[in-house]
Amino acid sequence: MLNMACFQIIGNDTAITMAAQGGQFELNVFTPVLAYDLLSSIEILTGASISFTEKCLRGITVNRERCEELSKQSLALVTILATTLGYEKAAEIAHTAHRENKSIIEVVKEMNIMDEKDVEELLDPINMTGVGK
């Protein structure tokens, strides 16, 4: 539903853009279609937002344990290691983690290339976002 609303708004935006470009000699003869599509888009987006909030968002809760698990399994964590270990070593770690279905932290610990405490701290997703500081 939300996608359909957005698609309609994108279509209205295209019509608005073309109408604005078509105002020959600054006569603004396309003002009615501009106004109609703009107001229509506002109405559609308002209704879609309210409906989406009531039917989908309200009541959703966070599964913190699952989010933490997924964030620690992410291969994207390796990017921070490129600054410390270099791109090639970080790429090797990522390939190994992917191939062996392990986390980046597990691979770095197994390779014994960094102190375990430093690895945990450096690869902590909360610290990486700045929220944990």
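This report covers one lysine, the salt bridges and the nonpolar core of a predicted model.

Lys-72 sits in helix H3, which spans residues 64–73. Its relative accessible area is 32%, so Lys-72 is partly exposed. Residues count as buried under 20% and as exposed over 50%.

Which residues does Lys-72 touch, not counting those up to four places away in sequence? They are Leu-77, Ser-103 and Pro-125. Thr-96 lies 24 residues from Lys-72 along the chain. The C-alpha atoms of Lys-72 and Thr-96 are separated by 16 Å.

## Salt bridges

The model has seven salt bridges. One of them is in helix H5, and others are described below it.

Lys-89 pairs with Glu-92 in a salt bridge. The closest N and O atoms of Lys-89 and Glu-92 are 3.6 Å apart. Both residues belong to helix H5, which covers residues 87–100. Lys-89 and Glu-92 are three residues apart, about one turn of the helix. Lys-89 has a relative accessibility of 29%, so Lys-89 counts as partly exposed. Glu-92 is also partly exposed, because its relative accessible area is 37%.

## A linked network

Glu-100 forms a salt bridge with Lys-102. Here the closest N and O atoms are 3.2 Å apart. Glu-100 is partly exposed at 37% relative accessibility. Lys-102 is partly exposed at 24%. How many residues join in this network of salt bridges? Glu-100, Lys-102 and Glu-110 are linked in it.

Another salt bridge joins the side chains of Glu-116 and Lys-109, at 3.8 Å from N to O. Lys-109 has a relative accessible area of 31%, so Lys-109 is partly exposed.

## The nonpolar core

The largest nonpolar core holds 14 residues. Which members touch the most other members? They are Val-78, Leu-81, Ile-93, Ile-104, Val-108, Val-119 and Leu-123. Helix H5 and helix H6 (104–111) each supply at least two residues of this core.

Definitions and conventions: Residues numbered from 1 in each chain as written. Predicted model: local features only at pLDDT ≥ 70, side-chain atom pairs only at ≥ 80, totals over all residues. Heavy atoms only, no water. Helix = DSSP H or I, 4+ residues; strand = E, 2+ residues; numbered from the N terminus. Buried < 20%, exposed > 50% of the residue type's maximum accessible area, 1.4 Å probe, protein only. Contact = heavy atoms within 4.5 Å. Salt bridge = Lys/Arg side-chain N within 4 Å of Asp/Glu carboxyl O. Core = buried A, V, L, I, M, F, W, Y, C linked by side-chain atoms within 4.5 Å.
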